[in-house]
Every structure is written in C-alpha cells, then in structure tokens.
Amino acid sequence: GAVMAFDGALAINASFVPALTQKGLSLFILKRYEEAASSLGAALDLDSEQFDARYHQGVAYHHLGNAAEALASFDQAIRLDSRSFAAHFEKGLILSEQEEWDASVAEFQLAIECNGERKEAHYALGLALYALVRYAEARDAFAKTAILDPGYADAHYHEGLCSEHLEQYAE
C-alpha cells in the first residue's frame, strides 16, 4: 500500500521530506500513531514549517497519551497557523483532560474565533465553563451548541443543568 510505496521512495532518498510526511500521514490514518509520530518527526527535523505534519504529530501524541509532546506540537502548529480551528480545539481538549480549565476555555474561545459554526467547540467550551462554575456562560455555550445542532441531546441536558444551578443561586 501507500506506506510501502513511501518506504520505496525513502530507500532511494532518506531525506525526501514529502515521502516522510506522507508516510506519517498514512500511518496516522491507519492508527499506527507511534510510527506516525516518528515519521512526521523525521520530516519536521528536515522542514519544521509544515503545519499538517505538526498538527497530526500532535494528534498522534495525544492518542499515545503523551500530553506534553502533543501540547508542544499544537503550540508549534498554532505558531505556523494561528487561525487553525483544529489545533486550538485539540489543544483545548488536552488542557481540559488535565483540568486546566482557564487555559482550555481560552483555547476553545480561540477555536470558535477561527470557526464559530463548529458545535463541538461550543459544547467543549460549555463543559470547561461548567467546571469553573461559570454557569451563565456555560449555559450560553450549550445553547449555541443546541442552535447549531438541535438534535444534540447532551447540549440541551447541560443547558438545563446550568439553568437549574442559576435558579438555585437566585433563590
């Protein structure tokens, strides 16, 4: 398949950046994340300005449970393309997993600035705000999610939880 063909190109020229990059992306698609991160890393050692390689290296590290390397890759990807919804969103997810709520809120807000029509960013923002006990803002994020996808039951559910908390505080 594709990986073998890229290996053939690399047998001829081990420093052929496009083949290293495409091999890494192919391995990523095959969910062979450790090999993908390695191939993408080799490509990036030769040409550090490749956004797609940086981004996918970050996702591969995330799948491998290496949050520190994933965050470093996403930071570098964002340096290359500060308007990348995907890089800000993925970075926000890792920060949420680490319960770095304020930082995750900031990343989800940046992701939304890049593409405000992505329901998953509004929903993730709502969850982070909810964890910070910022119920009014969280409710608004869940409401926006529900507007973008009226069938998103979890968004309606969490909007209700936020409203319930706000009503309890009002009493």
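1. Tyr33 is buried, at a relative accessible area of 14%. Buried means under 20% relative accessible area, exposed means over 50%, and partly exposed lies in between (1.4 Å probe, protein chains only). Phe28 is buried too, at 16%. This is a predicted model, in which local features need pLDDT of at least 70 and side-chain atom pairs count only at pLDDT 80 or more, while totals for chains, interfaces and linings use all residues. Residues are numbered from 1 along each chain as its sequence is written, and side-chain values use heavy atoms, with hydrogens and water left out.

2. How many aromatic pairs does the whole structure hold? A search finds nine. Rings of Phe, Tyr and Trp (its six-membered ring) pair if their centres lie within 6.5 Å; planes under 30 degrees apart are stacked, over 60 edge-to-face, and the rest tilted. Phe28 and Tyr33 make an edge-to-face pair. Their centres are 5.4 Å apart, with 65° between the planes.

3. Now take Phe89 and Phe108. Their ring centres are 5.7 Å apart and their planes stand at 50°, so this pair is tilted. Phe89 sits in helix H6 (residues 85–97) and Phe108 in helix H7 (residues 101–114), so the pair ties together parts 19 residues apart in sequence. Helices (H or I, at least four residues) are DSSP runs, numbered from the N terminus. Phe89 and Phe108 are both buried. Elsewhere, ring pairs join Phe51, Tyr55 and Phe74 into a cluster.

4. Next, the cores. A nonpolar core is a set of buried Ala, Val, Leu, Ile, Met, Phe, Trp, Tyr and Cys residues joined through side-chain atoms within 4.5 Å. The largest one has 21 residues. Phe85, Phe89, Phe108 and Leu125 have the most contacts inside it. H6, H7, helix H8 (119–131), helix H9 (135–148) and helix H10 (153–170) each supply at least two residues of this core. Which helix gives the most? H8 does, with six residues. Apart from this core lies another, of 18 residues, including Leu27, Ala36, Ala87 and Leu95. In soluble globular proteins, nonpolar side chains tend to be buried together.

5. Leaving aside neighbours within four places in sequence, Phe85 is in contact (heavy atoms within 4.5 Å) with Ala111, Cys114, Asn115, Arg118, Glu120 and Ala121.

6. H6 and H8 pack with their axes 11 Å apart, at an angle of about 25°. Axes are lines fitted to C-alpha atoms, for helices over the stretch in contact, and angles run from 0 to 180 degrees between N-to-C directions. H6 and H8 are therefore roughly parallel. Angles under 35 degrees count as roughly parallel, over 145 as roughly antiparallel, 65 to 115 as roughly perpendicular and the rest as oblique. The crossing of H6 and H8 is left-handed: the near helix is turned anticlockwise from the far one by less than a right angle. Phe85, Phe89 and Ser96 of H6 meet Glu120, Ala121, Ala124 and Ala128 of H8.

7. H9 and H10 have axes that come within 8 Å and cross at roughly 155°. That makes H9 roughly antiparallel to H10. H9 also passes H10 in a left-handed crossing. Among the residues in contact are Tyr135, Arg139 and Phe142 of H9, and His156, Cys162 and Tyr169 of H10.

8. Last, Gln57. Is Gln57 buried or exposed? At 6% relative accessibility, Gln57 counts as buried. Gln57 lies in helix H4 (residues 51–63). Leaving aside neighbours within four places in sequence, its contacts are Ala37, Leu40, Gly41, Leu44 and Ser73.
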